[in-house]
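Reader: I'd like to learn how to read pockets and ring contacts in a complex. Could you walk me through one?

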Amino acid sequence: MRCNMNSIKQQVKEILASILYIDSPQSIKDSDSLFLDLNLNSIDVIDFVFELNQKFNIELKDNELWPIRTWIDNPNYFTDGKWTESGIEAIKRELSIQEEISNDVSQKDLLRYFTVDYIANRINQKMNG
Amino acid sequence: MVEKVLIIGGNSDIGKDLIQNISNDFDIVYTYRGNKIEIADTKRISAIKLDLSSLDAVLDFCDYIVHNKFRHIVYCAGHNMSKLINQLSYKDITDDFTVNCLSPIHVFRAFCQTIHDKEFKSIVFVSSIAATKVKEGNAAYGSAKIATERFLANCALEFARWNLRTLSVSPAYIDSNMLRNYIKNHQINMTDILKNIPSRKMLSTKEVANVITSFIMQNIPTTGVSISLGNGEKLFY
């Protein structure tokens, strides 16, 4: 199934609206953080991933959608409470961050990058291998 | 397609009655420890030997659960040393907690891993009303059963959107082999037990199985709860 980015974003917003009881998908911005702005919780994430997989016919796991939690357990990426160079590099690459980020950036601070834009990119990557 | 039900402890009194109740509606796999029951190994009922006090065996069995699409799981097994705390050995505690808590929790977790659709599915755990009471000789058994009930309530919370429903069934005195052994081992007089039951009769295993059957058949709309079954025993107050 081929989709352009706008179509993916629209479908992601529709799923979010349905899970979070948001009246209009159009009220969700591409830059909205799912956790910080839309108040998605951990059970919602599992439901969200389930619906994404159904809608886009992909096989995405919840820790693939937001890999930060697994990176924290990887000593190559995170050690002594700080991100390593490889960790920072992975974060910037995967979350498409242009600006510099500190090696003590918290998981919570990174949640502002967990946006509709980010999700659409992940789906696009998954769909196109 | 005929749906599959897994009954852990299917050769127990309740499990056996449950198999009879639902064998026309589901394919059934049950586990047993001692001898197989007579209705085993028919076209739609199969049996697997499993020692629930061996966590290694249970973890191997969990792989089997993950690779099979069960729609419902019922855990009927139990183990009660019924000893005072200062008489409990390491093995007594380990056995009570393995059969009543660790094994069911691993089984339920394995089942939850297989949930990939939003069709109705269920987990039923047979607990005991005695588990909810502070009662001499009940420390290990009761705390293990209660821990599992709480785990199951959390399964209900986390998987409600996938239409998983869970139920712990806590019967009071049941006319069962387990009770008869208990009475024999503790030299208790049956009439002393009956005196505590206002209706002067115990639950039958069939009555408990009927409640489980109703839940599986979606006739009891609830999830994440424990329901007590009894005939008005003082245990409830």
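Reader: How does the lining of the largest pocket divide by class into nonpolar, polar and charged residues?

Author: Keep in mind that this is a predicted model. For a lining, you sort the residues by class and count. Here the lining of the largest pocket has 22 nonpolar, 21 polar and six charged residues. There are 49 lining residues in that pocket, and the space in the pocket comes to about 1400 Å³.

Reader: Which residues lie nearest the centre of the largest pocket?

Author: Those are B:G78, B:S176, B:N177, B:M178 and B:L179. In chain B, α1 (13-22), β2 (27-32), α4 (139-159), α5 (177-186) and α6 (190-195) each bring at least two residues to the lining of the largest pocket. The largest share, seven residues, is from α5(B).

Reader: And what is the volume of the second largest pocket?

Author: About 850 Å³. Its lining counts 21 residues, and the closest to the centre are A:I46, A:D62, B:Q113, B:I115 and B:H116. On the chain A side, α2 (42-56) and α3 (62-65) each supply at least two residues of this lining, as do α3 (90-113) and α4 of chain B. By class you get 10 nonpolar, six polar and five charged.

Reader: Why does B:F70 count as buried, while B:Y64 is partly exposed?

Author: Buried means under 20% relative accessible area. B:F70 counts as buried because its relative accessibility is 5%, whereas B:Y64 is partly exposed because its value is 26%.

Reader: Which residues form one aromatic cluster?

Author: A:F35, A:W66, A:F114 and A:Y118. B:K4 has its charged end over the ring of B:F70, 5.0 Å from the centre. B:K118 lies over the face of B:W162, 5.6 Å from the ring centre.

Reader: What ipTM and pTM does the predictor give the complex?

Author: An ipTM of 0.70 and a pTM of 0.85. For per-residue confidence, chain B averages a pLDDT of 90, and 96% of the residues score at least 70.

Notes. Residues are numbered from 1 along each chain as its sequence is written. Chains are lettered from A and ligands numbered from 1 in the order in which they are written. This is a predicted model: local features need pLDDT of at least 70, side-chain atom pairs count only at pLDDT 80 or more; totals for chains, interfaces and linings use all residues. Side-chain values use heavy atoms; hydrogens and water are left out. Buried means under 20% relative accessible area, exposed over 50%, partly exposed in between (1.4 Å probe, protein chains only). Rings of Phe, Tyr and Trp (its six-membered ring) pair if their centres lie within 6.5 Å; planes under 30 degrees apart count as stacked, over 60 as edge-to-face and the rest as tilted. A charge sits over a ring if NZ of Lys or CZ of Arg is within 6 Å of the ring centre and within 35 degrees of the ring normal. pLDDT is the predictor's confidence in each residue, from 0 to 100. On a 1 Å grid over the protein atoms alone, a cavity is a set of points where a 1.4 Å probe fits but cannot get out, and a pocket is an open set with protein on both sides within 12 Å along at least five of seven lines; lining residues have an atom within 4 Å of a point. Grid points are joined across faces, edges and corners, and a volume is the space filled by probe spheres set on the points. Helices (H or I, at least four residues) and strands (E, at least two) are DSSP runs, numbered from the N terminus. Ala, Val, Leu, Ile, Met, Phe, Trp, Tyr, Cys and Pro count as nonpolar, Asp, Glu, Lys and Arg as charged, and the others, Gly among them, as polar.
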